[in-house]
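Here is a friendly walk through one predicted model, from a chain contact to a sheet and a helix pair. Please have the viewer open as you read.

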Amino acid sequence: MTETKQPIIQIRNVSKRFGRVTAVDNVSLDIRAGEFFVLLGPSGCGKTTLLRMIAGFELPTEGQILIDGQDMSLVPPNKRPVNMVFQSYAVFPHMNVTDNVGYGLRISGVSKGEIRDRVAEALELVKLGGFEDRMPDQMSGGQRQRVALARSLVMRPKVLLLDEPLSALDAKLRAQMQFELADLQDKVGITFVTVTHDQDEALSMASRVAVINKGEVAQLAPPSDLYEYPANRFVADFVGSVNIFEGTLTLDEPDKAAVDCPGLGKVYLNHGVTGPHGANVWIALRPEKIYLHVPGEGKAVRAAAQDAPDGHNLARGTIKGMSYLGDVTLYDIHLEGGQIIRVSRPNLSRHDQDDFTWGDKVSMHWRADSPVVLLS
Amino acid sequence: MFTRTAIAPLEYTRKLWMRSWVGLTMLFLYAPLIVLMIFSFNDSKRNVMWKGFTLKYYEKALNNDSLVEAMVNSLTIAFLATIVSLVIGALAAVMLWRFRFPFKGLVEGTMSLPIIVPEICLGVAFLIFFAKVDWPTDLPWPLNLSAITIAHITFCFPFVAMVVRARLASFNNEEEEAAKDLGATEWQAFRDVLLPHIKPSLVAGALLAFTLSLDDFVITFFTSGPDTITFPVKVYSMVRFSVTPEVNAASTILIVLTVALTFVALKYQGVKGISDAH
């Protein structure tokens with residue numbers, strides 16, 4: 001990835017309050033040029049407000065936003081070097097596709113010939129060639145979104161802002177658009193900043209993701225770090241699905257650690273945690289990182305049964321629920337400690353889902369580097 | 001007998017009772033007008049018996065200078081009142097829709113007052129007001145219509161504001177933001193995005209204002225000076241003696257005129273626009 005010295009967008013200690021409600025709370029983050037940046041969070045977390053502040057439709061109550069080194073405090077939306085694709089697409093219903101896409105160029109006084117060329121180029125880019133004379137009400141939602149995309153891209157902004165770009169599309173189209181957006185960003189080289197509540201979208205498209213919770217940045221990291229090394233329980237739970245167990249840190253050395261979880265038993269890790277001894281911590285364990293076995297079957301299980309700190313961890317339980325999803329089967333297992341743990345198992349061959357059923361006694365094991373210890 | 005397919009539960013338009021009801025409603029609405037129009041061609045001094053076809057009452061009406069003058073006055077007033085109401089009404093609607101300000105509810109309430117207050121009260125109020133400010137009554141045409149026009153604007157523009165506001169409720173704010181995002185100024189965004197959206201309501205509001213102004217009798221009666229007369233007031237004075245086919249002829253001309261105007265307006269707008277929800 002290319003990194004310039006100066007970030008394209010600098011958000012410095014920005015807060016936004018609506019009356020007594022704090023939508024964005026002292027957020028500072030830098031967005032690099034050429035990046036596909038995603039603001040991820042549940043609805044009402046302030047991510048859209050943040051995006052609208054970058055676009056200029058809201059003014060920060062406190063703090064400063066710099067775009068390409070310029071302070072944007074007194075710059076109205078129509079003078080900012082950013083363009084936005086709105087959640088409703090906001091395609092002008094009384095203009096055909098050509099007029100929609102050419103609108104920004106027209107009002108900024110670009111010559112007719114250049115408008116024609118750039119509109120054609122933008123439509124080609126979003127694969128809408130041949131739709132020039134269509135009216136918006138003759139197009140599908142996905143096509144209208146492409147119009148909105150072309151309308152923004154034709155302005156050649158420094159940053160393209162996208163507000164929940166895929167939320168209105170059906171699942172298949174959404175998956176396709178995820179790839180297309182990433183591809184498009186690669187092609188045009190413009191910085192993309194996207195707001196979404198959908199973690200799949202964030203993980204698949206982003207170069208970096210800022211997870212927002214209650215107006216604050218919970219974690220800023222590349223997608224794989226976010227998933228494999230969540231910083232706190234909120235991120236672990238919001239990104240992907242996870243089992244979380246509360247416990248006490250009983251052993252913490254540079255190359256190994258142990259957490260005593262009342263619900264799960266003793267959990268061994270093959271790395272240090274750097275937390276105070278006896279601290280209250282949480283163990284996060286992803287369902288797909290747990291192996292499922294019939295008790296007493298297989299060598300790994302027997303090895304794990306020795307409770308070896310550098311081998312696999314072991315737990316036992318009874319299957320309480322299962323749901324077959326085709327590619328994987330999810331099992332809810334009632335642990336001996338009383339808690340429920342979720343395990344997902346890939347259906348590698350056709351009848352794998354028949355291996356276990358309700359009420360089966362099973363044993364689970366996982367690698368000592370699989371669990372994540374969370375301090376908050 | 002000829003074969004018919006059975007009537008499905010929701011095919012109301014194929015049910016006899018529904019059709020008769022619609023027919024009756026139409027009859028109730030339009031029979032008086034049609035009778036009036038037919039009798040304008042009646043060759044008789046009285047409007048009771050059909051005596052034969054003639055156009056002489058049209059000739060008579062068009063040669064009646066004071067009737068023509070009243071008609072011209074009415075159309076002038078309606079035209080001016082419509083233009084001004086359209087501007088004030090649309091601006092008021094946009095203001096009430098877009099901004100929050102203290103006493104907004106009060107402003108909104110007082111604005112629709114002319115719709116609610118009985119016309120007779122408004123008429124008397126205008127009479128007193130114009131007398132009090134000593135509004136000149138002996139001005140040359142068309143300034144002699146100023147008092148009536150002002151009064152008409154007062155009760156017409158709230159209707160325009162109401163229609164425009166209803167239309168604004170369906171406006172997607174993001175469209176205006178998108179325009180600004182693409183570089184439009186406040187005015188350009190208004191002209192290119194908001195105005196096209198409210199255009200159907202402007203046409204509807206204009207038609208409403210025009211007809212309201214054209215046929216207003218009460219308020220006009222109180223605000224017209226001694227020498228100015230409008231069509232409804234003139235017809236009233238003619239009817240006091242007897243309802244001659246001349247009145248019918250003049251009314252028919254007025255009806256045809258307004259219908260034609262409405263037709264042109266809808267044609268220009270495209271009827272789709274009026275009912276269109278987005």
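The contact draws on 15 residues of chain B and 18 residues of chain A, where two residues touch if their C-beta atoms, placed from the backbone, lie within 7 Å. On the side of chain B that touches chain A, α8 (173–181) and α9 (186–214) are the elements that give two or more residues, and α8(B) gives the most, with six residues. (Helices are DSSP runs of H or I with at least four residues, strands are E runs of at least two, numbered from the N terminus.)

This is a predicted model: local features need pLDDT of at least 70, side-chain atom pairs count only at pLDDT 80 or more, and totals for chains, interfaces and linings use all residues. Residues are numbered from 1 along each chain as its sequence is written, while chains are lettered from A and ligands numbered from 1 in the order in which they are written.

Now to the sheet in chain A. Its five strands form an open sheet in the order β13-β12-β11-β14-β20, with antiparallel pairing; strands pair if DSSP finds at least two bridges between them. β13 (265–269) and β20 (372–374) of chain A stand at the edges with a single partner strand each, so one side of each has no neighbour in the sheet. Three bridges join β14 (residues 280–285) of chain A to β20(A), and Trp282(A) has Leu374(A) as its bridge partner there.

| α8(B) | Glu175(B), Glu176(B), Ala179(B), Lys180(B) |
| α9(B) | Gln188(B), Ala189(B), Asp192(B), Val193(B), Leu194(B) |
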